[in-house]
Amino acid sequence: MKKIKNLGGIDITPDDKEGYFSKLFIPDSEIKFVTHGWTADEKSIAYLLNEDDINVVEIGWGSLSKNEYTMTTMVLKKVAHYVGKTILKILDEGVSELEKIHVIGHSLGAHVAGLIGGYIKSAGRGLVARVTADCAHSKAYHWYIASIHHSQAFSAVKCDSYMSYELRKCEGNEVAYMGANTSPSTRGCYYLTTNSTTSNEEAYIETSTLSSQ
C-alpha cells in the first residue's frame, strides 16, 4: 500500500510504529483508499485522483492480481483484511475519523472495497463513510475521474427499468449524478447515456448510445 501526496509515494503498513501515520496525512481531510482490479496494479488510477486537499492511498496488490481469475478471487479477503487493519490503526491513532474514509474499488477491486467495509464493520467500528464499487471495467475509471472535474457531467434519472428509460417514461423523475459526487443517500436504479469514447474529458460529457445503471 502507498500513501500518495503530490504524486510522491510512501509505503505504509498496519505494522508501522505508532505516530508514523500522523506525519504522512493531511489533517482533518478525507482519506480515499483506491484499489485496482484483476491483472492491474496500483499505478492504474490512484495517481489520477490526487488533489491538494485530500489524502489518497493506493492499495497495491498487483503481484497477487495477475494470477488466473479464480485463484485471484481467493486472495481478496486477505488483501481486504490487511487494508482494514491499516485503517483501524489510522483510526486508533486519531489521524482520521470513520466519517472521512472513502474506499474505491475498480473491477475485481470493487469486491475488495466491499470486503474492507465489511471488515471495519465486523471490528465493531460501524460503517465507513462511503464505498464506491466500480465494476464496469475499462471505461469506468475514466468516467469516475472525469466526474471529479465535472461534478454534474453524468446526470442520471431514476427509473424502474432500462426499457422505461429508453421509452422516455422517466423524464421528470429524481436525478442523481454518477461518479465522485454521488450522494451516499442515493438509492434505487438510475440510468444515463454516455459517450463510448474515452480518449479525452470532453468526450465524456457528450451523449451517445452507451447506457449505465
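Val-75 lies in the loop between helix H2 (69–73) and helix H3, where helices are DSSP runs of H or I with at least four residues, strands are DSSP runs of E with at least two, and both are numbered from the N terminus. The model is a predicted one, in which local features need pLDDT of at least 70 and side-chain atom pairs count only at pLDDT 80 or more, while totals for chains, interfaces and linings use all residues. Residues are numbered from 1 along each chain as its sequence is written, and side-chain values use heavy atoms, with hydrogens and water left out.

With a relative accessibility of 17%, Val-75 counts as buried; the term buried stands for a relative accessible area under 20%, exposed for one over 50%, and partly exposed for values in between, with a 1.4 Å probe and protein chains only. When residues up to four places away in sequence are not counted, Val-75 touches Trp-61 and Leu-64, a contact being defined by heavy atoms within 4.5 Å. The C-alpha atoms of Val-75 and Leu-64 are 7.4 Å apart in space, and the two residues are 11 apart in sequence.

Helix H3 (residues 76–92) and helix H4 (residues 109–122) form a helix pair whose axes come within 8 Å and cross at roughly 50 degrees. Two packed helices are described by the angle between their axes and the distance between the axes. The axes are lines fitted to C-alpha atoms, for helices over the stretch in contact, and the angles run from 0 to 180 degrees between N-to-C directions. H3 and H4 are therefore oblique to each other, since angles under 35 degrees count as roughly parallel, over 145 as roughly antiparallel, 65 to 115 as roughly perpendicular and the rest as oblique.

On the side of H3, the contact is made by Leu-76, Lys-77, Val-79, Ala-80, His-81, Val-83, Gly-84, Lys-85, Ile-87 and Leu-88. On the side of H4, His-111, Val-112, Leu-115, Ile-116, Tyr-119 and Ile-120 take part. By class, this contact has 11 nonpolar, three polar and two charged residues. In this scheme Ala, Val, Leu, Ile, Met, Phe, Trp, Tyr, Cys and Pro count as nonpolar, Asp, Glu, Lys and Arg as charged, and the others, Gly among them, as polar.

Thr-35 is found in strand S3 (residues 31–35) and counts as buried at 1% relative accessibility. Leaving aside neighbours within four places in sequence, Thr-35 is in contact with Ile-59, Trp-61, Ile-104, Gly-105, His-106, Gly-109, Val-112 and Ala-113. Among these partners, Val-112 also belongs to the contact of H4 with H3, and Trp-61 is also touched by Val-75.

Most residues other than glycine have a negative phi. Ser-107, in the loop between strand S5 (101–106) and H4, has a positive phi near 60 degrees. This residue is buried, with a relative accessible area of 13%. Arg-168 likewise has a positive phi, of about 60 degrees, although it is not a glycine. Arg-168 lies in the loop between helix H6 (162–166) and strand S8 (175–177), but is exposed, with a relative accessible area of 61%.

Ser-164 is found in helix H6 and is buried, with a relative accessible area of 12%. Apart from residues up to four places away in sequence, Ser-164 touches Cys-159, Lys-169 and Cys-170. Ser-164 and Tyr-191 are 27 residues apart in sequence, with a C-alpha to C-alpha distance of 10.0 Å.

Two tyrosines complete the residue descriptions. Tyr-141, in helix H5 (residues 140–149), is partly exposed at a relative accessible area of 21%. Tyr-190, in strand S9 (residues 190–194), counts as buried at 8% relative accessibility. Tyr-190 and Glu-174 are 16 residues apart in sequence and 8.9 Å apart in space, C-alpha to C-alpha.

For the chain as a whole, the secondary structure comes to seven helices and 10 strands. Of its 213 residues, 43% count as buried. Among contacts with a separation of 6 or more, 66% are between residues 24 or more positions apart. The chain exposes about 11,300 Å², of which carbon and sulfur atoms supply 50%; accessible areas come from the Shrake-Rupley method with a 1.4 Å probe, and for residues only the protein chains shown count as cover.
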